[in-house]
Amino acid sequence: MKTNTRSEIVAFVRSAGGLRPIELAGKLGITPQALHRHLKALVASGDLEACGRGPKTRYVIAGEPALEAPRRWHAARGAPAESPASFVCETRDVFSARLGRLASLSKEGLGGAELSLLISAVGEIGNNCFDHNLGHWRNIPGCWFEAQSTGKRLWVLVADRGQGVFQSLSRALPEIPDERAALLTAFEKRVSGRAPENRGNGLKFVRKIVEGSPARGLACRSGAGLVDYGALGPDCRGHLTDFSSKASGTVTLLAWRLS
Amino acid sequence: MRIEIKRYGNVLSSRPAGREAALAMKAYQRPKPGEKIELDFSGVLSVGPSWLDEVLSALRAEYGTKRVVCLPTRNPSVIESLKAIDS
């Protein structure tokens, strides 16, 4: 059974989506030594997981991605209060450069073939943010792009504050009834909001990749629409239920099992 | 004539980058009449269907579909991208 202090630590970490020891000590008003004992016990019990090293170590809920910051960023009605440059790629060039950095995930146990497919799938999703929202951003351009590994899984989140899939596809297919139908069309039929340009196979490609192995999955939210694909898709879906169904734009969470 | 795709990058993803690559290929590579254009993907980490679609569409339009050949590769992103484009 967890002590009150340990329960408080877990609650703070869950609410913030991840905290450093110095931040936790400030909230709890306990000594660093006492905090260290609690954190060690919570890691041993499987409640928390340490990410990073040295002074940058953050504690997160074990096995779950920390998505509170991008959730707030995506949901903000006006310009988000926080738009960290380390995660928000305002231009395609920045996104492309950061996409290449996923190659370093080979150190986390992702083999060459899996890495190749992951980067390819994430590239399609991230580039869609720019392809379909140029001139249609809610206020700030670009996408939130973040990769986290926790609980033997790699989680990759790509979110944008653009017009959303329904709005984009309705131009080409005015008969699409709602946001969920728009998402299903985007992932399952060859059609593009940029018709008559001959394109629109990117998300079908992504779906095929995640369905090609039980070690992969994704969920995608755009407005009230929420779909998932692949064996790990339901897990991803669970993490996107807290994202706003009122905010325009699109959020995609991919999960890849690490060996 | 063989084009080493790795000269255009290690991670090849977007349509704009694919269009630029295709323009550069057409500008600097001059195949002899009737010669095949072989795309060699060795040394590339990842290719997306959007990038590859732009490159293949431009080269096929310039030289004809039969002259543009993707050399066999074990890179799964290339294999899956080709399936997506030609399906």
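Analyst: Two strands pair if DSSP finds at least two bridges between them. Strands (E, at least two residues) and helices (H or I, at least four) are DSSP runs, numbered from the N terminus. This is a predicted model, in which local features need pLDDT of at least 70 and side-chain atom pairs count only at pLDDT 80 or more, while totals for chains, interfaces and linings use all residues. Residues are numbered from 1 along each chain as its sequence is written, and chains are lettered from A and ligands numbered from 1 in the order in which they are written.

User: How do you know that β3(A) and β4(A) are paired, and in which sense do they run?

Analyst: Two bridges join β3(A) to β4(A), residues 143-150. The rule asks for at least two, so β3(A) and β4(A) count as a pair. The two strands run antiparallel, and Val88(A) is opposite Trp144(A) of β4(A).

User: What makes β3 and β7 of chain A edge strands?

Analyst: The strand order in this open, antiparallel sheet of six is β3-β4-β5-β8-β6-β7 in chain A. β3 (88-89) and β7 (225-229) of chain A each pair on one side only, and this makes them the edges.

User: Which helix packs on that sheet, and what does it touch?

Analyst: Helix α9(A), residues 202-210, packs there and touches β6 (216-222), β7 and β8 (250-257) of chain A. Contact means that the C-beta atoms of two residues, placed from the backbone, lie within 7 Å. The directions of α9(A) and β6(A) make about 140 degrees; such angles run from 0 to 180 degrees between the N-to-C directions of lines fitted to C-alpha atoms, for helices over the stretch in contact.

User: Why is Ala147(A) called buried?

Analyst: A residue is buried if 20 or more other C-beta atoms, placed from the backbone, lie within 10 Å of its own, exposed if 12 or fewer, and partly exposed in between. Ala147(A), in strand β4 of chain A, has 22 such neighbours, so it counts as buried. Beyond its neighbours within four places in sequence, Ala147(A) is in contact with Leu102(A), Leu154(A), Trp155(A) and Val156(A).

User: How do you know that β5(A) is largely enclosed?

Analyst: Eight of the eight residues of β5(A), residues 153-160, are buried, so the strand is largely enclosed by the rest of the structure. Arg153(A), Trp155(A), Leu157(A) and Ala159(A) cover one face, while Leu154(A), Val156(A), Val158(A) and Asp160(A) cover the other.

User: What joins β5(A) to β4(A) and to β8(A)?

Analyst: Eight antiparallel bridges link β4(A) with β5(A), and the partner of Thr150(A) is Arg153(A). β4(A) and β5(A) form a hairpin with two residues between them, where Gly151(A) in the turn has a positive phi of about 60 degrees. β5(A) and β8(A) also pair antiparallel, over eight bridges, with Asp160(A) opposite Thr250(A).

User: What puts the buried residues of α8(A) on the same side of the helix?

Analyst: In α8(A), residues 179-188, the buried ones are Glu179(A), Ala182(A), Leu183(A), Ala186(A) and Phe187(A). They cover an arc of only 125 degrees around the axis, so they lie on the same side of α8(A). The arc is that of the directions from the helix axis to the C-beta atoms. These buried residues pack against α7 (165-172), α9, β6 and β7 of chain A.

User: How many residues does each chain bring to the contact between A and B?

Analyst: 20 residues of chain A are in contact with 19 of chain B. On the chain A side, α5 (92-101), α6 (112-133) and α9 each supply at least two residues, and α6(A) gives the most, with nine.

User: What classes of residue make up that side of chain A?

Analyst: Seven are nonpolar, eight polar and five charged. Ala, Val, Leu, Ile, Met, Phe, Trp, Tyr, Cys and Pro count as nonpolar, Asp, Glu, Lys and Arg as charged, and the others, Gly among them, as polar.

User: Which strands make up the sheet of chain B, and what is their order?

Analyst: The three strands of this open sheet are ordered β1-β3-β5, with parallel pairing.
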